[in-house]
Structures are given as C-alpha cells and as structure tokens.
Amino acid sequence: MKSLLYSLPFLTLFTTMGAEPRNVLFIAVDDLRPDIGCYGVEAAKTPNIDRLAGEGIVFERAYCQQAVCSPSRSSILTGRRPDATKVYDLDTHFRAALPDCVTLPQHFKANGYHTAGLGKIEHHGFEDGASWSEPRWFASGYLVQADPDDWTKQSATRFEGVPGEYANPLSPEEGKKRANGKVKTGPAFEVSPKSDDELPDGATAAEAVKRIGELKTKGEPFFLAVGFVKPHLPFVAPKKYWDLHDPAAIPGPAIETLPEGTDPFVGHTNGELHSYVGVPEGNPIPDEFARSLRHGYYACVSYIDAQVGRLLDALEKNGLAENTVVVLWGDHGWQLGDHGLWHKHTNFELATRAPLIVKAPGFDSAGGKCAAPVEFVDVYPTLADLCGLAVPSRLDGSSLRPYLENPATPMIKPAISQYPRSSKDHGGQLMGYSIRDERWRATFWRKRGTGEIGYIELYDESNDPAETANLANKAEHASVLSHLQGFLPPVGTDEAPPKSPKPSRSQKPGAPKFDPNEPRDVRYDRLYPGQAKLTEDQYLAGQGGDKAAAKERFAKLDKDGDGFVTRDEFIGGGKSK
Ligand SMILES: [Ca+2]
C-alpha cells in the first residue's frame, strides 16, 4: 500500500477526484472476434456486452499484436510487442526473454492491489507467479501456484471442478484416426445438454461473482482477471444459446477465396479446425458444415455474453460499478470461412481485429465509439493511467485516455500486428509486419534477420473492407507503401527466441518422485483420489512430462473407447486381458 500512497499521480487523482482507489475487472475472451451487437453485428445477440459498451467506449479498430493466443496475451500482459517478449508461438514464456519484466497485474500488485486470475489469462501452462496475489483458479478443478521467482516451478491443488466440456466425447481412437495424429476427444461443435455452470465458463463466472463479493470486503483495491475459454473451438454451448440463433440469419463471409493477387503462403490450411473429429477432410469446408460452425460460434458468443452479464450484475449489486474500470477484450480475431480460412493465424483484418471495450468512471464519453486504430499493447498503460498508477516507461504502447476523453480523437499511431511464416518463394523465414492506419493495411513480409522485403500486401480497408484485392503492385500506391514501410521496426528485432524452459508441475509440494514399481491401484488413488473415472483433461492433470505422450497413454488406457478412463482401466494399464 505504501508505494501506492506515495505515488504522485495516485495522490493527484484522489485529491482532484476525491475518489477511492479504482478496481479493475479485466475480462479476457478467447478467440472472440467483434461479432457483437455494439460492433454493428445485429445477428450476434449480445445484450450484456452491449450494456457494457453503452457505459464505456467501444474501440472499433483494436488490433492484437499477433493473431494467436499466447503471443497476443503475452503482449497485453507485458505491454510489449512480440519482438520484445519473443513469444511468437505456444511454447515460449515471456520470462525467457524478459525475466524481470513487471506485468500488468504485477504492477497493480506492487501498488497495493489484490490481484487474482480466474480461468485463461496467460496461455495454459504459462501461469506467471509474480503477477498474482494468490494461486490461479481454473474451473477444471485446479489452483495453480507458480513460483514468483521461477514460473517453471508450479504446484497444483485439486478441488472438485467441472469435468471435460463434451457431453458426448468421441473415442480418442476415432480422434487419432481422423485428425492426423492430433488427438481431440470430440467434434468441432456440440449442442450441449449441460447448464451454464456445468461448463467451464459458467463455473468461472459463478466463481467470479463469489470473488467480487469477497473482494469488496477485503479493504484493498482489486485487479480481478476473468478469462473465458469460449468461443474458442470446440463450439460447445448450452442448447438454449443455439436456440437463440437462426443459422440462416447469421451472415456468411463476403469473400471465400484469398484476395486477388495474394500469394497463398499468407493463409493456411485450416489445421486447427481439421484436428477435430468429424470435420470433413480437405478445403474448402462444405457449406452446410460451415453454417453449423458459424451457428456454434454465435451460440458460444451469446453464452459468453450471459456470463459477462453476471459479472456486471455482481459489480452493481456490490456497489462497485462506480469505482471499477472494466475492460473486455478478445485475444485476437477469427476467420469464419472468410478468405476460405477458419480460425486465426494470419495478418488479415479479421484475424488481427478484436473487441476492446473500456468502461472507466469519470468520463462523459459513455456509449462512444472510437474509430482510430489502437493496439493491445495500449491496454497496460491505459489501465495504469486510469487507476492513477505510474505508467512504466518501458512499454511499447500508450494510454488510450485521449480517446476516453474524446472518442473522435484522430489516430495517434498506426496499429502493428505481426506473424511469422516461411515461404521458399519469398526468402525462407519471414516475419510479416502488418501496419494498419485509418485507411490502409500494408503487410511487409521481411526476411528475418535482414532488411530484405520478400513480399508485400496492401489493402484499402475503407473501399474494400473485405480485402478482395491486393493492391501492392499498383504504381499509384507506391507512396502509401513507402509511408507505411517507415513504421517497420529496426532490422534484427525479430531474432529467434531463446529456448523457454518447460514448466514442472507437482501435484502437491513435496510430492513423491515417480516410482515405476508403484502398484497401479495405489498410483491411481494417489493421483486421482475419490474419482471413479477420468476425462482426458482430468487424466492429463495428474500426469507430468510430455503432454502428447500422456494423451497417447490416455487413448491406450481407455479400452472401451468411451472417452473416459475408469479406475479399472487405469489399473489394467491398457493391456489386453
Ligand atoms: Ca485465443
């Protein structure tokens, strides 16, 4: 508390506003593209997020730093671009390159806040102990404490959580057979017979509501991060949210092929989608299946919207709505068949553009919309600024306060996203830097480690928002390109990351070492006390080491292929009788 009280901006804020410290509710939604009512997508059916938007500012052109989970989240949490975090993939922790960085929640913690994270905030397995005042909470039934001085040392405590999300998981053998070695235990979507709270996000919302009530009485300001995992694949949502939507009313893509004049290496082959059981082989995805996927995505968005509503209600009920900054963000955009692509993993507008809504007390701009491009690295300095904390100097973004004061404020800087790719035809290992200003998106595919540009895309987002044509070769746009090229980072900033150490998670601190001679019934009861059978997630939770190998063991142990490993199957060790 001390550093907070002596911090000058904090004092200034409170003396001028006579206010209490502001809390932060930080809502992360996995894979949410801005198909939300307040973004003009009426088919979305999102009354609660729209309510938040009516009390805050909608950033209509907010862009992630890299359109995939861990790189994007690492940038939000550290306020640094992927070239600084060196997180370009799902295997690297930002502390490998930035061991001493002070994350957004850690900064609040250092300023007297109680910081807590529920659900997916960091990428799974990359929980950061220094960021939080308490263990990270997961609906699957885990409290994970990562060592504040060494994130790779993690210990997990079990509680009774919700089981795996599928009501009808398919056999892992089927998953293996259909999915090219990648084991998924179920289909890409499911109309779930479960209730909201029998699925992970409803359980997370219920826990958050409870925590908000508890935090109110704690006597410290709080930074509560709540991470929802839908609408990430698989699209599993309770039936009532599917029933909200008529699939015929959900808009389809404006273009189902890559832009004219664009080399296919900038896209991908929908590998993430194809890893689910039952997805038709090859591309394009057949229309009827595509319609079901879009239906499932919209159902999941409405399901999440309902959970967001519970959090907003809890703030109001506890009298906290007036002094809590609420920020809602999706970690990146999503292609729902647009350009023939599914999921994220590109530099296109639909993959890089994500929702960002900020509600802050004390501004007259409630209900406003900001059209200027902004970036996710701006979130950290914005929240520090809005709560009267010093804004650390080594951040890559800047506070969005000018837009909260006046949403019509013109663009301060273009938004820069990036994505690594390799292309033999265009120079080998490339980093695609995509510069977005008010009108243009220019993507420069630069050879990593050199300044040589291997390939360029240019889209006129004002006159061709669906990105149907690459204009980079049109002579009349040469000056636009050279202007935007001036925003590229210095050559060499995309050097390969240092290798990240792997986390080791002990079930309990001081748990005994693995003993190959331990009888299997004793081992089962030690690892999974009181559980009659296990979903894959529950099984994996008790297994250290190589996750892919553990998944293979699960498939082998599940002799009857019902998607569960019973105690007897575990004891049988996967051997034929
Ligand atoms: Ca994601």
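The protein chain's secondary structure comes to 20 helices and 23 strands. Helices (H or I, at least four residues) and strands (E, at least two) are DSSP runs, numbered from the N terminus. This is a predicted model: local features need pLDDT of at least 70, side-chain atom pairs count only at pLDDT 80 or more, and totals for chains, interfaces and linings use all residues. Residue numbers start from 1 along each chain as its sequence is written.

**Overall fold**
- A compact globule of 577 residues would have a radius of gyration near 25 Å; the protein chain agrees, with 24 Å. The radius is taken over C-alpha atoms, and the globule rule is 2.2 Å times the number of residues to the power 0.38.
- Along the principal axes, the C-alpha atoms fill a box of roughly 75 × 60 × 50 Å.

**Open sheet**
- Four strands form an open, antiparallel sheet in the order S17-S18-S19-S20. Two strands pair if DSSP finds at least two bridges between them.
- Strand S17 (415-423) and strand S20 (453-460) are the edges, each pairing on one side only.
- From one strand to the next, the twist averages 15 degrees. Axes are lines fitted to C-alpha atoms, for helices over the stretch in contact; angles run from 0 to 180 degrees between N-to-C directions.
- Seven bridges join strand S18 (residues 428-436) to strand S19 (residues 440-447) in the antiparallel sense. Arg-436 has Arg-441 in S19 as its bridge partner.

**Helix on the sheet**
- Helix H16 (residues 478-485) packs on the sheet and touches S18, S19 and S20. Contact requires C-beta atoms, placed from the backbone, within 7 Å.
- The direction of H16 makes about 65 degrees with that of S19.

Notes: Contact = placed C-beta atoms within 7 Å.
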